[in-house]
Amino acid sequence: MSYQVIARKYRPQRFADVVGQEHVTQTLANAIAGGRIAHAYLFCGPRGTGKTTIARIFAKCLNCTGGPRVDFPLDDPKAVEIAEGRAIDVLEIDGASNNGVEQVRELRETVKYAPASSKFKIYIIDEVHMLSTQAFNALLKTLEEPPAHVKFFFATTDPEKVLLTILSRCQRFDLRRIPTALISQHLEYIARQEKVDVDPDALHAIARGADGGLRDAESALDQLISFCGTKIVEADVLSMFGLTARRQVLGLALAILNGDAAAALRELNELSRHGKDLGRLLSDLLNHFRNLLLFQVSQGDLSLLEVSESEVASLKEQSALAETDALTRVMDVLTEAEGRLRDAASKKIFVEVVLLRAIQARNAVSIDAVLAKLQQLRGNSGGNSGGNLGETKPAVAASPAAASAKAQPARATVAEPSPAPPAKATQACIDPATPAVAATAAHGTVDLAGLWTSLVEAAGRASSFTRSYLIEAHPVALENQLLTIGFDPEFAEHIELVNNAKTHALLQTKLQELGQPGTRIKFIKAERPAGRSTAAAAALVSATILNSPAPPMTAATAVAREKPATAPASIGDFKNDPLIQKALEIFKGQIVEVRA
């Protein structure tokens with residue numbers, strides 16, 4: 001007798017022999033037992049999961065001697081005829097090569113005739129999605145109201161291409177990918193029957209490479225027996241199919257979690273040198289990080305994972321090395337790379353970059369953590385206005401001796417406004433709670449400059465981020481209870497950052513406290529009027545008046561007030577500030593430009 005491949009030799013002959021599709025086989029068995037047999041069935045699923053096999057077993061159950069019955073004997077003549085493909089009442093049709101309307105017309109003519117020797121005439125159409133639209137339409141009427149002796153069994157790997165009018169006339173069963181553990185068990189059974197010694201790690205590698213398809217796994221085992229003889233180890237499987245050893249995947253993942261770029265690149269170079277499939281490597285790496293994430297989120301629930309016992313210890317060890325957010329970021333990088341790998345000209349270089357990006361994603365700090373750290377720094381700095389990020393201090397031009405005696409370097413140099421502000425506006429800047437603004441409003445006029453300075457300071461005490469944007473703005477007009485705020489074209493992008501409900505509510509609240517209840521806010525792009533002082537300068541001067549004790553009036557101070565400093569502080573001055581150094585360390589940044 002000629003040699004028969006393992007996939008055919010060990011093909012299931014009963015529903016009980018089918019691996020991993022109990023949700024389908026049990027339903028069909030119950031339908032046979034209850035006499036609820038439909039006229040058309042559609043079996044969907046990936047390749048090698050048992051679609052055509054289940055259709056043949058179903059045909060045996062219907063046409064066996066004394067059927068329909070589930071527990072038919074394997075040596076029943078009718079069952080043997082169907083298994084060997086010579087039953088004249090069970091017709092298997094290849095939908096890929098018989099996809100025209102002419103073949104369907106012939107089928108419609110043959111369904112009229114009663115079965116020759118069986119109870120039912122059964123048509124098994126494989127890859128039914130390959131039928132043309134005209135062929136589907138020609139089949140509709142026959143499929144909806146076939147003779148009582150006719151049954152249709154369809155199988156397809158792509159149910160989305162089957163017309164909805166066909167799907168609505170069938171009972172649909174979706175077959176799923178078979179778990180790795182079940183494939184390993186079935187391969188172990190076959191190996192015992194074939195008297196072949198297969199290492200457990202080799203069985204797991206074959207099952208992992210089959211990607212849920214039992215037929216693929218059986219074909220791989222058949223090929224390995226021809227290659228290795230009666231002794232198969234994991235190294236044979238890996239070398240033949242270009243797979244990566246599980247320990248190597250775990251080692252690569254550990255290098256990413258530890259941030260060890262050199263170890264990750266060395267491991268990748270070793271795998272590439274031995275001809276491993278880099279696409280499969282990325283897929284295995286992504287699956288491992290998925291297992292880590294599920295293990296961490298489920299607090300060690302192994303029922304959600306398909307892992308061997310040797311991998312559980314690695315999952316426990318590695319899940320403690322990273323938070324859930326870090327694992328998610330690494331998975332985002334690997335998922336994006338998996339889709340782009342096929343278009344890469346140099347796959348090795350592409351994967352090297354991916355591993356470096358994954359390490360960076362592992363070490364990245366979320367924006368929430370950065371904000372929390374900044375808030376902590378702001379709290380630790382106490383009430384000192386010089387201790388907060390975003391606050392600045394005007395530098396006073398004095399004698400060289402006085403300048404060198406300062407404990408803190410100047411953070412910014414601010415020029416005083418050229419026009420002298422009115423007395424009421426100055427009073428409003430010194431104390432926002434004063435009734436100066438309200439008094440002017442009662443007479444029908446408002447000191448817009450004083451109101452704006454008070455508003456910036458009041459909003460800054462509530463939100464330092466809002467203040468950091470408003471100091472670059474300027475008031476345009478206050479008419480009909482509408483305050484129009486302008487940004488220079490240079491800072492126009494700030495409009496999108498402040499034009500939101502939260503900022504509007506904050507400013508309206510502060511305006512009400514300043515004696516302007518019911519005032520609405522509008523942000524626009526507008527040039528700053530010539531000669532008007534910058535909002536930043538006004539805010540900085542006001543912040544200094546509010547938060548700092550008045551310095552003694554000296555001759556140097558008087559000279560400095562008469563002749564404002566115009567030279568901005570240097571980058572070196574900022575680099576020496578300990579708080580800014582801490583901010584640069586947190587953000588991994590550098591000072592590019594210092595603006596007056």
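1. D211 is partly exposed, at 43% relative accessibility, where partly exposed covers the range between buried, under 20% relative accessible area, and exposed, over 50% (1.4 Å probe, protein chains only). The model is a predicted one, in which local features need pLDDT of at least 70 and side-chain atom pairs count only at pLDDT 80 or more, while totals for chains, interfaces and linings use all residues. Residues are numbered from 1 along each chain as its sequence is written, and side-chain values use heavy atoms, with hydrogens and water left out.

2. The partner of D211 is R177, and the closest N and O atoms of this salt bridge are 3.8 Å apart; the term requires a side-chain nitrogen of Lys or Arg within 4 Å of a carboxyl oxygen of Asp or Glu. R177 lies in the loop between β5 (171-174) and α8 (180-193), and D211 in the loop between α9 (200-210) and α10 (214-228), so the pair ties together parts that are 34 residues apart in sequence. Helices (H or I, at least four residues) and strands (E, at least two) are DSSP runs, numbered from the N terminus. R177 is, at 45% relative accessibility, also partly exposed.

3. The structure holds 21 salt bridges in total. Another of them joins the side chains of R86 and E84, at 2.5 Å from N to O, and R86 has a relative accessible area of 48%, which makes it partly exposed.

4. In helix α14 (residues 278-297), D284 and R280 stand 4 residues apart, about one turn of the helix, and form a salt bridge whose closest N and O atoms are 3.4 Å apart. Both of these residues are buried. Salt bridges with shared partners join R208, R280 and D284 into one network.

5. The helix α14 itself has 20 residues and reaches 28 Å from its first C-alpha to its last, close to the 28 Å expected at 1.5 Å a residue, the expected span being 1.5 Å times one less than the number of residues. Of its 20 residues, 14 are buried, and α14 is thus mostly covered. After α14 comes Q299, whose phi is positive, near 60°.

6. On the cysteines, the structure holds 0 disulfides, a disulfide being a pair of cysteine sulfur atoms within 2.5 Å. For C170, the closest cysteine sulfur, in C44, is 9.0 Å away, too far for a bond. C170 is buried, at 12% relative accessibility, whereas C228 is partly exposed, at 23%.
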